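Visitor: Could you show me how to read a model like this one, feature by feature?
Guide: Gladly; let us look at it together.

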Amino acid sequence: MELLVFKALLVVVVFLVSLGVAAYATYGERKIAAFLQDRVGPDRAGPFGLLQPIADGVKMFMKEEIIPSVSNKWLFILGPCIAMLTASMTGVVIPWGGELSIGGSKFDLQIVDLNIGILYLLGVVSTGVYGIMIGGWASNNKYSLLGALRASGQMISYEIAMGLAIIGLVMTTGTLSLKEIVHLQDAGYANIVYQPLGFLIFFICAFAELNRAPFDMPECETELIGGYHTEYSSMKLGFYLFAEYINMFISSAVIVTLYFGGYHFPFESLTGLEGNLLTLVQVLVFMGKVFFFMFFFMWVRWTIPRFRYDQLMHLGWKVLLPLALINIFATGIIMWLNGSLN
Amino acid sequence: MSPSTYVFWFLTFVAIISALNVVLTKNAVYSVLSLIVTFFAIAGHYFLMNAQFLGIVHIMVYAGAIMVLFLYVIMMLNLNETFETNKDTFFHIAAVVSAGLLMVTMIGAFAKTDIQMQAMADNSNIGYLEELGKVLFNEFLLPFEIASVLLLAAMVGAVYLSKKEIKD
């Protein structure tokens, strides 16, 4: 019972934190874009413009809501709902920190430790595309439909390379549970040491799955106006944009968990920290690593120009997919030579 | 009734209603969406039977990949309710006859089989990935490899068919 209450609280906390981080990621993105383009960025609402996300949120809620009369109303509403739902579902399997002891009993800072954690992530990611597809189709707009078609083609293509990139990792760690992967990295080196190529492929695919530049073809504004969310207004548009930032937060968390030691940090045992203090530091370290990758996502967006659609498909199928296969093969050979296969 | 029984009935209800909706609705996009709901309900059944791997792969492969492609094609064709071709009587009769034959075959097959209900052991690990891998790569290695060759053949065939026009 105690455990159930704790897990329920953790679900709420993780959800609220993802929302908060996503809201401030929009602020971060605008500030970073401004910095890279030698501008000031938002600075009117509050000190340094820190209240900007709240102002944006209020604006989104207050705006007039338009549902095109020709569109399918239910599917039109369902689109952003699915996008938001799948975005907030992935946080469930991520280990946010070590053990927290409250009143003598210990609780893990992970909502569920599924023994198929990685597959769960891939499963949720693969259904995430429906939000975009349904929304794009229900808008009954050529540009929206084109955006939706692009999104589905792109996500399907990069999911394959992404899944194959993870197989190398699963081979070296021998588990699909995210918690065990983090523990193994505490005992040895971070997985990036064993799987540099796998990480690179996974990271590139993450950009494509998030529909972020340089892979933001589905909402390519020079060709498609707004892409799949052209017809959306008010908070429905807000949901789509919000879902993208939550996804960015969660994929950074997944990258950190899989390849960069999760919540563990180097020389952890030498610091002499223990108990709840250690857990707190672990959570902060984890968030620090996650924020670095979120910064990296934004940095790339404002640095690299967008691909053409054929280049994108070429990269996905003819470069990343063979590379991922080579990675699996090479990992197998090295493990065989090491004698770690038995 | 235990909580899992309630979940079972709920999933069954969802699966049957959405499966019926697949064939009854006239809009092709609704059909595909209903089919996706059906797949999720069936994946839920797998989870109830402790077959986690099968359930999640079911979602990933069917709901996450195959149905996306279905939806992709249907959206591309942009079929809608007004696009209802007038099928002639011959088509209707052929459909009824073939469906009837299928039903007769199914009834025949099920009538002959001796259905034995086998209760699954509680907390059995049989659906877990480790167990599945061991069984698949020891006992059923040959069928598994043959199935993969079959898939490879289908893939090569698909590539060949799509390349055909470009070659000459």
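**Reading the model**

Guide: In chain B, among contacts with a separation of 6 or more, 56% join residues 24 or more positions apart. Here two residues are in contact if their C-beta atoms, placed from the backbone, lie within 7 Å. This is a predicted model, in which local features need pLDDT of at least 70 and side-chain atom pairs count only at pLDDT 80 or more, while totals for chains, interfaces and linings use all residues. Residues are numbered from 1 along each chain as its sequence is written, and chains are lettered from A and ligands numbered from 1 in the order in which they are written.

Visitor: What is the mean pLDDT of each chain?
Guide: pLDDT is the predictor's confidence in each residue, from 0 to 100. Chain A has a mean of 83, with 98% of its residues at 70 or more; chain B has a mean of 82, with 83% of its residues at that level. Within chain A, confidence is lowest in helix H9 (residues 221-224), at a mean of 70, and highest in helix H8 (residues 196-209), at 88. For the model, ipTM is 0.80 and pTM is 0.84.

Visitor: How many helices and strands does chain B have?
Guide: Helices (H or I, at least four residues) and strands (E, at least two) are DSSP runs, numbered from the N terminus. Chain B has six helices and zero strands.

Visitor: Which residues of H3(A) are buried?
Guide: A residue is buried if 20 or more other C-beta atoms lie within 10 Å of its own, exposed if 12 or fewer, and partly exposed in between, with C-beta atoms placed from the backbone. In H3(A) the buried residues include A:Phe76, A:Pro80 and A:Ile82. The buried residues of this helix pack against helix H1 (2-36), H4 and helix H10 (234-259) of chain A. In H1(B), the number buried is zero, so that helix lies largely in the open. A:Asn338, in helix H12 (residues 309-338) of chain A, counts as exposed because it has 8 C-beta neighbours inside 10 Å.

Visitor: How do H4(A) and H5(A) pack?
Guide: Two packed helices are described by the angle between their axes and the distance between the axes. Axes are lines fitted to C-alpha atoms, for helices over the stretch in contact, and angles run from 0 to 180 degrees between N-to-C directions. For H4(A) and H5(A) the angle is about 175° and the axes are 8 Å apart. They are therefore roughly antiparallel (over 145 degrees).

Visitor: Which elements of chain A touch chain B?
Guide: 18 residues of chain A are in contact with 17 residues of chain B. On the chain A side, helix H4 (117-138) and helix H5 (142-173) are the elements that give two or more residues. H4(A) provides the largest share, nine residues. By class, this side has 12 nonpolar, six polar and no charged residues. Ala, Val, Leu, Ile, Met, Phe, Trp, Tyr, Cys and Pro count as nonpolar, Asp, Glu, Lys and Arg as charged, and the others, Gly among them, as polar.

Conventions: Angles under 35 degrees count as roughly parallel, over 145 as roughly antiparallel, 65 to 115 as roughly perpendicular and the rest as oblique.
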